[in-house]
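Some notes on helix packing in this model follow. Please read them with the coordinates open.

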Amino acid sequence: MVFQWEAIMYPINDRQYLKICAEIAQLMSISLSSAKKKVEIQIAKEGSKTIQEKIQVAQNVLEICKKNDGDKL
């Protein structure tokens, strides 16, 4: 049996990160869970490891949403 451990992402419970995700959710009119998933996909693409890197990715996604007036990424 082969497991893909790299694909498993543990939930991030940092307040700043969650606040940014909540802003993304509000701008895109989606659930917090969906917003977190969008950010987590981007984190995986960029290979971010530390919480600070992950917060920066979330901030970048938020800025993109603001520029696009909440339209889809």
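1. H1 and H2 are roughly perpendicular to each other, because angles of 65 to 115 degrees are counted that way. Their axes come within 8 Å and cross at roughly 115°; axes are lines fitted to C-alpha atoms over the stretch in contact, with angles from 0 to 180 degrees between N-to-C directions. Helices are DSSP runs (H or I, at least four residues), numbered from the N terminus.

2. This is a predicted model: local features need pLDDT of at least 70, side-chain atom pairs count only at pLDDT 80 or more, and totals for chains, interfaces and linings use all residues. Residues are numbered from 1 along each chain as its sequence is written, and side-chain values use heavy atoms, without hydrogens and water.

3. On the H1 side, the residues that meet H2 include Tyr-17, Leu-18 and Cys-21, and on the H2 side Val-39 and Ile-43 are among them (contact: heavy atoms within 4.5 Å). The contact of H1 with H2 has 11 nonpolar, no polar and 3 charged residues.

4. Helix H2 (residues 32-46) and helix H3 (residues 51-67) have axes that come within 9 Å and cross at roughly 120°. H2 and H3 are therefore oblique to each other. In H2, Val-39, Gln-42, Ile-43 and Glu-46 meet Lys-54, Val-57, Ala-58 and Val-61 of H3. These contact residues divide into 5 nonpolar, 1 polar and 2 charged.

5. Tyr-17 touches Val-39, Ile-43 and Ala-58, among others, not counting residues up to four places away in sequence.

Note on methods: Helices (H or I, at least four residues) and strands (E, at least two) are DSSP runs, numbered from the N terminus. Angles under 35 degrees count as roughly parallel, over 145 as roughly antiparallel, 65 to 115 as roughly perpendicular and the rest as oblique. Ala, Val, Leu, Ile, Met, Phe, Trp, Tyr, Cys and Pro count as nonpolar, Asp, Glu, Lys and Arg as charged, and the others, Gly among them, as polar.
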